[in-house]
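Here's a quick briefing to read with the structure open beside you. Take a look around first, then come back for the notes.

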Amino acid sequence: MHEFSIIENIFKAIEKVANEKGLTRIHKVKLQVGLLRQIEPRTLQFAFDTVSKGTFLENAILDVDTVPIIMYCNNCTATFEVKEQAYICPDCEGMDLKLLKGKEIILESIEGDDALWNSR
Amino acid sequence: MQKVLEANDNLALDIRSLLREKRVSMVNLISGPGSGKTTILEKTIPLLKEKYSIGIIEGDIETDRDAQRLKLFSLPMVLINTHGACHLNSGSILNALEALPLDDLDIIFVENVGNLVCPAEFDIGEMAKVAVLSTPEGDDKPSKYPLLFRESALVLLNKIDLLSAVDFNLHNFYDDLKRLNGCVSVIEMAATKKIGLEQWVQWLETTIIAKEESKTGGKC
């Protein structure tokens, strides 16, 4: 149930942005979550509903976009998506890799009564 | 872009530079409950303590039982009770470091909360993550908990003496692990029988102690 630890951090991040932007009631929260994070969306929603009860986030919709795992091969400089847990370069079979994407948890946007905040 | 774990990750960076400045290496030991982390430390400390100055950060959800076991060595030690939280975070580690005599230490062992998921999520500024897996837990654990095994520099495969008594296929274990992390090192260990301890101490001495570069995953 690490979704609860994660959601507490998400909650703090939303609170920070909402305070800055003066959002008092939130309808929708968009998140980007990397696949490496092993986050189960339904459990995340459950954790979100539990933590947000009685707060300005109650009943807000949590919209989660999953981000694929993208690696860079230090040997041949190829970039590739990891599928079925194979961290092996498809071009040169190198295993000395650098993570480019797939571990992020990013608050993308918040929609509220008063305004829309978008991180991009 | 609002990175959700930014606060934790920034503190972890602070910890890394603090430890580099003090020339202290920190290892983050992560495993499920009962795989033998505390026992491994009990057997490792006597082999290192004549030569190196050791500090311990002991993470436990409740109780000080593991800390009591390690107290016998009279080393600088901080116990962090997370009171329900399934992992340590960089904030609690930074507080713990303030209570340790960093100027005198060579290496700090962090025994994380027994859990294969959450501790892997939270960077605590360690130089390397070391995953401990015991054979009774099953050979499928790397595939089921990929983040930890992807990011560990070393896997201690503990309770290897029980191999014939449990359902653990070594071949499958190595296959799955190497797929996830082709550069990871593995030491087969039975801490209570003193199997693998010398290799582990050697690994610590050559890749961790007095080294400056931290590593995610193994080194090819």
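**Where the two chains meet**

β6(A) pairs with strand β1 (residues 2-3) of chain B, antiparallel and over two bridges. Bear in mind that this is a predicted model.

**The contact between chains A and B**

- Within the cross-chain pairing, Leu107(A) has Gln2(B) in β1(B) as its bridge partner.
- Chain A puts 20 residues into the contact, and chain B puts in 21 residues.
- On the side of chain A that touches chain B, two or more residues come from each of α1 (2-21) and β6 (105-112) of chain A.
- The top contributor on that side is α1(A), with six residues.
- Sorted by class, the side of chain A that touches chain B has 11 nonpolar, six polar and three charged residues.

**The sheet in chain B**

- Chain B has an open sheet of seven strands with parallel pairing, in the order β4-β3-β5-β2-β6-β7-β8.
- Its edge strands are β4 (77-81) and β8 (185-188) of chain B, each of which pairs on one side only.
- On average, neighbouring strands of this sheet are turned by 20° against each other, direction ignored.

- Helix α2 (residues 37-48) of chain B lies across β2 (25-31), β3, β5 (107-111), β6 (128-134) and β7 (154-158) of the chain, and runs at about 165° to β5(B).
- α2(B) has 12 residues and reaches 16 Å from first C-alpha to last, close to the 16 Å expected at 1.5 Å a residue.
- Which residues of α2(B) are buried? They are Lys37(B), Thr38(B), Ile40(B), Leu41(B) and Lys43(B).
- The cover over those buried residues includes β2, α3 (65-71), β5, β6, β7 and α9 (197-208) of chain B.

**Helix α2 against helix α9**

- α2(B) and α9(B) pack at an angle of about 60°, and their axes are 10 Å apart.
- The crossing of α2(B) past α9(B) is right-handed.
- From α2(B), Lys43(B), Thr44(B), Leu47(B) and Leu48(B) meet Leu197(B), Trp200(B) and Val201(B) of α9(B).
- By class, the contact of α2(B) with α9(B) has five nonpolar, one polar and one charged residues.

Conventions
Residues numbered from 1 in each chain as written. Chains lettered and ligands numbered in written order. Predicted model: local features only at pLDDT ≥ 70, side-chain atom pairs only at ≥ 80, totals over all residues. Pairing = 2+ DSSP bridges. Helix = DSSP H or I, 4+ residues; strand = E, 2+ residues; numbered from the N terminus. Axes fitted to C-alpha atoms, helices over the stretch in contact; angles between N-to-C directions. Contact = placed C-beta atoms within 7 Å. Expected span 1.5 Å × (residues − 1). Buried ≥ 20, exposed ≤ 12 C-beta atoms within 10 Å, placed from the backbone. Nonpolar A, V, L, I, M, F, W, Y, C, P; charged D, E, K, R; others polar. Left-handed = near helix turned anticlockwise from the far one by under 90°.
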